Amino acid sequence: METRITRSWPHTLLLGGFGLALAIWAIFLFREDSTGWGLFVGAAGAFCLAGSALLGGKAPCPDCGGTLAYLSPMMKTPYNKCPDCGAYFRGEAGLVRAIEPDHAADVPQFSITLPEKFVLPGLCCACGAPADRAETVSLGIRLVHGPASLTAQAATLSLEVPHCGKHQGGAKLDRELPEGKLDFETLFVSGRKDPVTVLKVKSYAFYRAFLASNA
Ligand SMILES: [Zn+2]
Ligand SMILES: [Zn+2]
């Protein structure tokens, strides 16, 4: 399944207008001899202007038809996630392609936000074949963020993840910022969010099976 990337004028104009406003602000700063701030604001403006040209694309998700925004019409992007349905796709030469159901990535790539309760599929998390053993993956986290002179508690999260006899190291635990739509609101308004624990796997079949059985 593939869909075509077209230019999204609202996103292009939003980013472009923002970049232009920053560029004008930078000129004012230069005139007032605030060269350091002028350079900073100017660079941010240039970044937004480049972004509007490079990332002003949109396309329907090949899986659910929801709108995928801030796509690059020209660059290749191997693993992108649909914020609506969680399907992964790749962008290449103006097209968005669904990842093949049996695809296995070189490194744990497909990111599952672990809910309070879940069951893991009986598939190898590296290749998607039926699993016959399990491997423990662990992640050390700090529980408290406070002044450095206080003793911070550390904890280890562990999970038994199914593997087949041929593979090992098909998964890893990680901490990521919660997923959401990439837009101005989440980037500039709502600010920092606490990271959540995710399980990253190599097998797209395992990822899809997890979503299907924990929906
Ligand atoms: Zn989708
Ligand atoms: Zn395997």
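Which residues are buried in helix 4?

Modeller: The mean pLDDT of the protein is 87, and 92% of its residues reach 70 or more. Among the elements of the protein, helix 4 has the highest mean pLDDT, at 96, whereas helix 3, residues 184-189, has the lowest, at 50. Where pLDDT is low, the predicted coordinates should not be read in detail.

The buried residues in helix 4 are Tyr204, Ala205, Phe206, Tyr207, Arg208 and Phe210. If we ask what lies over them, the cover includes strand 6, strand 8 and strand 12.

The largest nonpolar core has 33 residues, and the members that touch the most others are Phe89, Cys125, Val201, Phe206 and Tyr207. At least two residues of this core come from each of strand 4 (67-71), strand 6, strand 8 (110-113), strand 11 (171-176), strand 12 (196-201) and helix 4 (204-213). Helix 4 gives the most to this core, namely five residues. As a general background, nonpolar side chains tend to be buried together in soluble globular proteins.

The core also bears on how the chain is divided. The protein has a domain 1, covering 2-98, and a domain 2, covering 110-213, and the centres of domain 1 and domain 2, taken over C-alpha atoms, are separated by 28 Å. The largest nonpolar core draws at least three residues from each of domain 1 and domain 2.

Strand 6, which is part of the cover over helix 4, also belongs to a sheet. Four strands form this open sheet in the order 1-7-6-5, with antiparallel pairing. Its edge strands, each of which pairs on one side only, are strand 1 (2-4) and strand 5 (77-81), and the twist from one strand to the next averages 30°. Within the sheet, strand 6 (residues 88-92) runs antiparallel to strand 7 (residues 95-98), and four bridges join them. To take one position, Arg90 has Arg97 in strand 7 as its bridge partner.

Leu157 is found in strand 10, residues 154-163, and it counts as partly exposed because it has 13 C-beta neighbours inside 10 Å, whereas a buried residue needs 20 or more. Not counting residues up to four places away in sequence, Leu157 touches Ser138, Leu139, Ile141, Leu173 and Thr197. The second residue, Gly140, is found in strand 9, residues 133-142, and it is exposed because 9 other C-beta atoms lie within 10 Å, where the limit for an exposed residue is 12 or fewer.

Technical notes: Residues numbered from 1 in each chain as written. Chains lettered and ligands numbered in written order. Predicted model: local features only at pLDDT ≥ 70, side-chain atom pairs only at ≥ 80, totals over all residues. Pairing = 2+ DSSP bridges. Axes fitted to C-alpha atoms, helices over the stretch in contact; angles between N-to-C directions. Domains from an automatic or database assignment. Core = buried A, V, L, I, M, F, W, Y, C linked by C-beta atoms within 7 Å. Contact = placed C-beta atoms within 7 Å. pLDDT = per-residue confidence, 0-100.
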